[in-house]
Amino acid sequence: MTTEESERLARRMQEDVWNEGDLDAIDELLAEDFVQHSPWEASELHGRGEFKRQVEEFHSAFPDLEGTVDEVIADGDRVANRFTMRATHEGEFMGVEPTGETVELQGTIFARVEDGKIAERWVVDDVYGFLKQLGKISEG
């Protein structure tokens with residue numbers, strides 16, 4: 001893959017999957033045996049189906065989720081992107097009832113591309129800051 005194609009994969013994950021909630025795009029973007037490592041529950045996802053469930057859970061709790069890709073760097077079969085997502089907490093999420101508050105999540109994703117699709121991702125999100133905004137974690 002070219003650098004531009006790898007960068008486009010990262011952007012489409014944000015735009016098509018996370019912003020639009022297009023679960024069909026996941027089949028185009030992720031390898032069948034896709035693996036994701038992340039600080040979220042579960043800390044490791046296997047396959048497109050598990051990833052689709054994670055996207056659905058986020059969209060159920062944050063239906064107006066909108067994110068931007070702040071920076072993308074690609075080199076060979078690796079692509080990294082830094083992103084910011086904002087959304088209104090309108091549904092239960094990780095045991096927290098809807099607050100109606102706007103929350104922001106920042107993170108970085110490192111991905112390995114294989115045969116034109118994302119085969120593996122390492123997600124480094126500010127989960128602590130996000131859960132603090134939801135009130136699941138208090139100062140102290």
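**Strands and their partners**

Visitor: Which residue is the bridge partner of Phe-83 in β5?
Guide: The bridge partner of Phe-83 in β5 is Gly-107. This is a predicted model, in which local features need pLDDT of at least 70 and side-chain atom pairs count only at pLDDT 80 or more, while totals for chains, interfaces and linings use all residues. Residues are numbered from 1 along each chain as its sequence is written, and side-chain values use heavy atoms, leaving out hydrogens and water.

Visitor: In what sense do β4 and β5 pair, and over how many bridges?
Guide: Strands β4 and β5 pair in the antiparallel sense, over eleven bridges. Two strands pair if DSSP finds at least two bridges between them. Strands (E, at least two residues) and helices (H or I, at least four) are DSSP runs, numbered from the N terminus.

Visitor: And how do β5 and β6 pair?
Guide: Strand β5, residues 102-114, pairs with β6 in the antiparallel sense over eight bridges. Phe-110 stands opposite Trp-122 in β6, and Glu-114 stands opposite Lys-117 in β6.

Visitor: Parallel or antiparallel, which is it for β1 and β6?
Guide: Strand β1 (residues 30-37) and strand β6 (residues 117-125) pair in the parallel sense, over four bridges. Leu-30 faces Ile-118 of β6.

**Two backbone angles**

Visitor: How many residues lie between the strands in the hairpin of β5 and β6?
Guide: That hairpin has two residues between its strands, and Asp-115 takes a positive phi near 55° there. Most residues other than glycine have a negative phi.

Visitor: Is Asp-115 buried or exposed?
Guide: Asp-115 counts as exposed because its relative accessibility is 77%. Buried means under 20% relative accessible area, exposed over 50%, and partly exposed in between, with a 1.4 Å probe and protein chains only.

Visitor: What about Met-94, where is its place?
Guide: Met-94 is placed in the loop between β4 (78-88) and β5. Its phi is near 50°, a positive value in a residue other than glycine. Met-94 counts as partly exposed because its relative accessibility is 23%.

**Salt bridges**

Visitor: New topic: how many salt bridges does a search of the whole structure find?
Guide: The search finds eleven. A salt bridge is a side-chain nitrogen of Lys or Arg within 4 Å of a carboxyl oxygen of Asp or Glu.

Visitor: Which residue forms a salt bridge with Asp-27?
Guide: Asp-27 is bridged to Lys-52, their closest N and O atoms being 3.1 Å apart. The pair links distant parts of the chain, 25 residues apart: Asp-27 is in helix α2 (residues 24-29) and Lys-52 in helix α3.

Visitor: And Asp-70, which residue forms a salt bridge with it?
Guide: Asp-70 forms one with Arg-82, where the closest N and O atoms are 3.8 Å apart. Asp-70 lies in strand β3 and Arg-82 in strand β4, so the pair ties together parts that are twelve residues apart in sequence. Asp-70 is partly exposed, at 34% relative accessible area, and Arg-82 is also partly exposed, at 38%.

Visitor: How far apart are the closest N and O atoms of Arg-8 and Glu-15?
Guide: They are 3.3 Å apart, in a salt bridge between Arg-8 and Glu-15. Arg-8 is partly exposed at 40% relative accessibility, and Glu-15 is partly exposed at 32%.

Visitor: Which residues are linked in a network of salt bridges?
Guide: Arg-12, Asp-16 and Glu-28 are linked in such a network.

**Surface patches**

Visitor: Now the surface: which residues form the nonpolar patch?
Guide: Phe-110, Trp-122 and Val-124 form it, with about 280 Å² of accessible area together. Patches are made of residues with over 30% relative accessible area and no salt bridge, joining like charges within 9 Å and nonpolar side chains (Val, Leu, Ile, Met, Phe, Trp, Tyr) within 5 Å. Areas come from the Shrake-Rupley method with a 1.4 Å probe, and for residues only the protein chains shown count as cover.

Visitor: Where is the place of Val-124?
Guide: Val-124 is in strand β6. Val-124 is partly exposed, at 49% relative accessibility.

Visitor: Which residues form the negative surface patch?
Guide: It is formed by Glu-20, Asp-22, Asp-24, Asp-64, Glu-66 and Glu-90. Asp and Glu count as negative and Lys and Arg as positive, without His and the chain ends; the place of a charge is NZ of Lys, CZ of Arg, CG of Asp or CD of Glu. Glu-66 lies in strand β3, residues 66-75, and Glu-66 is partly exposed at 46% relative accessible area.
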